[in-house]
Amino acid sequence: MQDEVFGPILPVIEVDSVEQVIETINAQPSPLGLYVFAEDSEVSQRILNMTRSGDAAVNDCTVQPLVRELPFGGVG
């Protein structure tokens, strides 16, 4: 992906390793939203600790857009 999609599209990027996930995210400007799907909570926590995003969710991609009280915005 070259540009961030701002719309009702959820891009899914398949990777071979946790290191590749972290490298891919950190090689681009910080995303507004990061949705991590992982069975191992240590893996998801490592990704969240090693990257930066406007918001993040683990094993879910519906809560953030559906709950208006949750903040959503850029990365400070």
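The model is predicted: local features need pLDDT of at least 70, side-chain atom pairs count only at pLDDT 80 or more, and totals for chains, interfaces and linings use all residues. Residues are numbered from 1 along each chain as its sequence is written, and side-chain values use heavy atoms, with hydrogens and water left out. The protein chain holds 3 helices and 2 strands. Their order from the N terminus is α-β-α-β-α.

**Fold**

- Helices (H or I, at least four residues) and strands (E, at least two) are DSSP runs, numbered from the N terminus.
- Strand 1 (residues 33–36) and strand 2 run parallel, joined by 4 bridges. Two strands pair if DSSP finds at least two bridges between them.
- Gly-33 has Asp-55 as its bridge partner in strand 2. Leu-34 has Ala-56 as its bridge partner there.
- Strand 1, helix 2 (residues 41–50) and strand 2 form a right-handed β-α-β unit. Right-handed means that, with the strands pointing away from the viewer, the path from the first strand over the helix to the second runs clockwise.

**Buried parts**

- Of the 76 residues in the protein chain, 20% count as buried. Buried means under 20% relative accessible area, exposed means over 50%, and partly exposed lies in between (1.4 Å probe, protein chains only).
- Side chains alternate along strand 1.
- The largest nonpolar core has 7 residues: Val-21, Ile-22, Ile-25, Leu-34, Val-36, Ala-38 and Ile-47. Helix 1 and strand 1 are the elements that give two or more residues to this core. Helix 1 supplies the largest share, 3 residues.
- A nonpolar core is a set of buried Ala, Val, Leu, Ile, Met, Phe, Trp, Tyr and Cys residues joined through side-chain atoms within 4.5 Å.

**Salt bridge**

- The whole structure has 1 salt bridge (a side-chain nitrogen of Lys or Arg within 4 Å of a carboxyl oxygen of Asp or Glu).
- Arg-46 forms a salt bridge with Glu-19, and their closest N and O atoms are 3.2 Å apart. This pair links distant parts of the chain, 27 residues apart: Arg-46 lies in helix 2 and Glu-19 in helix 1 (residues 18–26).
- Arg-46 counts as partly exposed because its relative accessibility is 38%. Glu-19 counts as partly exposed at 39%.

**Surface**

- Val-63, Leu-66 and Val-67 make a nonpolar surface patch of about 260 Å². Nonpolar patches join side chains of Val, Leu, Ile, Met, Phe, Trp and Tyr within 5 Å, using residues with over 30% relative accessible area and no salt bridge; like charges are joined within 9 Å.
- Leu-66 sits in helix 3 (residues 63–66). Leu-66 is exposed because its relative accessible area is 67%.
- Ser-41 belongs to helix 2. With a relative accessible area of 54%, Ser-41 is exposed.
- Ser-41 and Val-58 are 17 residues apart in sequence, and 8.8 Å apart in space from C-alpha to C-alpha.

Note on methods. Areas by Shrake-Rupley, 256 points an atom, 1.4 Å probe, with all protein chains shown as cover.
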